Amino acid sequence: MSKQRGADALVQSLRHAGVNRVFTLSGNHIMPLFDALFESGIELFHTRHEAACVHMADAHARLTGTPGVALVTGGPGHANAVSALYTAQMSEAPVVLLSGHAPNGQLGQGSFQEMLQADMAAPVTKASWVAASAAALASDMTRAMQIAQCGRPGPVHLSLPTDALEDTLDISLNPTQGNSSETLAAQGGQAGAAMASTALSHDDAARITAWLATGTRPVVLTGPMTLTWAGRAKLKTLEDALGIPVVGMESPRGVNDPSLGAFAQMLAKADRVLLLGKKVDFTLKLGKAFAADCTFMQVDAEDAEIARAQRALGTRLSASIKGDAFTTLMMLTQAARAVQSGWRSEMAEAIRYRPAAWDGARSALAGRLHPVAVCRPLQAVLDRHADAVLVSDGGEFGQWAQACVAAPHRVINGPAGAIGAALPFALGARVALGKASAAPVIAFMGDGTFGFHSAEFDTAVRYDLPLVLIVGNDARWNAEYQIQLKAYGKERLHSCELLPARYDQVAVAFGGHGEFVTEAAQLLPTVERAIASGKPACVNVMMEGVPAPTVTR
């Protein structure tokens, strides 16, 4: 029998799963795995903060549709990474976080950086556990990858004790084979339950499409998992087959998602709504975003979400069916009974709608741009390439970007409503596109959020990952400013102001490209120079801080 370390078996399992990129930050506990990855053919992208590893893996997963893998050290490194798992969880992105861990043989003895890592990650993952031994690592890795993708996709955490990585094992069988989905589901427990996935039957698909056809204003609502490039194409295919609106939702603003225009007003008129993997949560006003006489059907992979919908909608929910969203999309498309009406075009027109007043939006402040003037000119840049990527952070400026700009690929902060991820998101997107791609990656973020991961410009420069970061600089935490102004009045505004800092110079200091903009006429030429530089770039735009848009007609 040949011998190998647990770390070597895990790397073989990664390669067997088709993983060729890992986003990481090194540390004591994972040095055996770094050694095993040497000359493995798996490329490491070494970041400046553990949360950035997860955000990069998240964006990579959303663009490719395959699990993104992040690797961090144990203890505080793991703790840093956990916060970013929530964003991936709420955006339904398949991410696997691998964390170093104190040795199994020293647990309970006060080992270096020993903590209950699996317990810490459990609330923000589909499954979270500690590898028991070197012999378990390969199948654990296979299991984690499968759980991340099945049912409602989402993050999974696996802790890697150093003795499990370092111990050797005899390999009489191929350790990368792992277990089948059926076997893992049958094993029970949290991870086993997460593996369970049910395909929609032909009869149920026919029943749903027939029910939708009885409505005069039917709508299919889906969640974030379907809003990848491939997912959007499937939604369009279903919409064409059914002849009714099929709308994906992924914004923390819910029905008031600025990229969906006047959607909220139209949704309130719907009389039949199919919830296809769409949670009945705050994004649907806890079920109160609909007319009182609207009725519902639901297909969801998770019992908890079915129960939540039943509580929120009561007798208006005529049926709840267990099923995987992507399989259901295919089944419904095959069973479609096309409805010819003007309702689909009405909904599309409402989603496209933007107030005419935006066309002439100008800042009232000298040397500052209105957010519309920052965002709209860049549509021409994104329109040039079929693989262009739009990245948007949260906050007020992020909502303006989402309202004003669109691209074939889009990565936003998602229902988590977290801020600060735009730069690592953009790096993950650039890696997903590949270095040879000429497609632009344009990321929008506010000046407040720039401070979260600005050091990742170092990562971008080291790995030659060109992108353009547009910083809307209003010198304040504008979302909180607007909340205080509305709720408490201008005399009680405090703790929201920031310096009008030169964030462009920060990018230059890391070896990137940076420019400063104070006039609308400067914007597009400046961005063109940033792209032409071939470097990671920051365009720092002095901007008027105005409230995020809520679009109504």
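Lys and Arg count as positive and Asp and Glu as negative, while His and the chain ends are not counted. The place of a charge is taken as NZ of Lys, CZ of Arg, CG of Asp or CD of Glu. On this basis, the mean positions of the 45 positive and 49 negative charges of the chain lie 7 Å apart.

The model is predicted: local features need pLDDT of at least 70, side-chain atom pairs count only at pLDDT 80 or more, and totals for chains, interfaces and linings use all residues. Residues are numbered from 1 along each chain as its sequence is written, and side-chain values use heavy atoms, with hydrogens and water left out.

**The chain as a whole**

| Property | Value |
|---|---|
| Box filled by the C-alpha atoms, along the principal axes | roughly 75 × 60 × 45 Å |
| Accessible surface (Shrake-Rupley method, 1.4 Å probe) | about 21100 Å² |
| Carbon and sulfur share of that surface | 53% |

Of the 553 residues, 59% are buried, that is, under 20% relative accessible area with a 1.4 Å probe, protein chains only. Among contacts (heavy atoms within 4.5 Å) with a separation of 6 or more, 75% join residues 24 or more positions apart.

His-29 lies in the loop between strand S2 (21–24) and helix H2 (31–37); helices (H or I, at least four residues) and strands (E, at least two) are DSSP runs, numbered from the N terminus. His-29 counts as buried because its relative accessibility is 4%. Leaving aside residues up to four places away in sequence, the residues that His-29 touches include Thr-73, His-101, Phe-112 and Leu-165.

How values were computed:
Buried < 20%, exposed > 50% of the residue type's maximum accessible area, 1.4 Å probe, protein only.
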